[in-house]
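Q: I'm new to this one, so please pick a single part and walk me through it up close.

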Amino acid sequence: MNIGPSRIGRQESAAMVGVSLFTATVFAMDSQQAYSGGNSTYIWMPLSILVSLAAVMVIMLAMEKSGADTLDKLFTAAFGRVVGRIAAIPLILLFIASAFFILTDFVNMIHSFVFYNSGYWEIALWVLLTSLLLSFMGLECISRTTLLILPMFAAAVLAALLIPHKSYAIYRLSPFPGNSLGDMGRLTLHNLLRTFGAMMALLTDKLCGMRFAKSSCLIGAVCAAAFTALTQFAIAMAFDYIDLADMLFPLYRMEMIMVEEGYLFRMDNLSLFFW
């Protein structure tokens, strides 16, 4: 771990990339769009992460060849100072959209399952203020915080997958793979709006340097793709795609799944502590 001033190491940056990608795919997801024609999320969601990884690696190669160590310098080298600022606007909007998707879905989940007697905007204000505080403290604070909560986060996800294991059924994967190749391609491209920005954020500052940025993106993306595939495959065996299309946050709902015609486990309160 690099604990020098205003610097982060491979562990912090890889943790930030991995958790960002996992939350962008599993947490921030439109269930109706993802499951309306079948369930192939365990294919196209990890694929979108790997496609984003390939695109980011190409951008890093361009940064190395131009001598730029941040995206701002890359845009300046490619388009000039004035035009470069204008060309960066779509990327800024992408960052805002990525954060918006995750925050709104998280607020919807909290409002639907936890504080359902509270007003939506009261919960949203509390979440927004907390998120803004972290964002204004910068990527160094976010990455170090992510590394600290990573073990608890991974434990919560694994617990959510293991608790309903007796209710998994292969037949719920039918029809396989769930969507046509054209639909999977369209969903993959649409999901790039969530996954691409999560990795590009690492290049907005030179906290970890280009040497760590490459390996961090690779480690974080591969781990996130594996966890996403495992999680979505488990969800596909727990619920059929018709139920999933109308379900908000199926990963949380898995812990209240019916086992042997009764609720054998009610671990939702414990899980909410981890979330």
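A: Let's start with Ile96, which is exposed, at a relative accessible area of 53% (exposed means over 50%, buried under 20%, partly exposed in between, with a 1.4 Å probe and protein chains only). The model is predicted, so local features need pLDDT of at least 70 and side-chain atom pairs pLDDT 80 or more, while totals for chains, interfaces and linings use all residues. Residues are numbered from 1 along each chain as its sequence is written, and side-chain values use heavy atoms, without hydrogens or water.

Ile96 sits in helix 6 (a helix is a DSSP run of H or I, at least four residues, numbered from the N terminus). Together with Phe79, Val82, Val83, Ile86, Ile89, Ile92 and Leu93, Ile96 makes up a nonpolar surface patch of about 780 Å² accessible area (Shrake-Rupley, 1.4 Å probe, only the protein chains shown as cover). Patch members have over 30% relative accessible area and no salt bridge, and nonpolar side chains are joined within 5 Å, like charges within 9 Å; a salt bridge puts a Lys or Arg side-chain nitrogen within 4 Å of an Asp or Glu carboxyl oxygen. Helix 5 (81-87) and helix 6 (89-113) each give two or more residues to the patch, and helix 6 gives the most, four.

Helix 6 also supplies at least two lining residues of the largest pocket, as do helix 1, helix 7 (120-137), helix 8 (139-162), helix 9 (181-200) and helix 13 (268-274). Helix 7 gives the most to that lining, with 13 residues.
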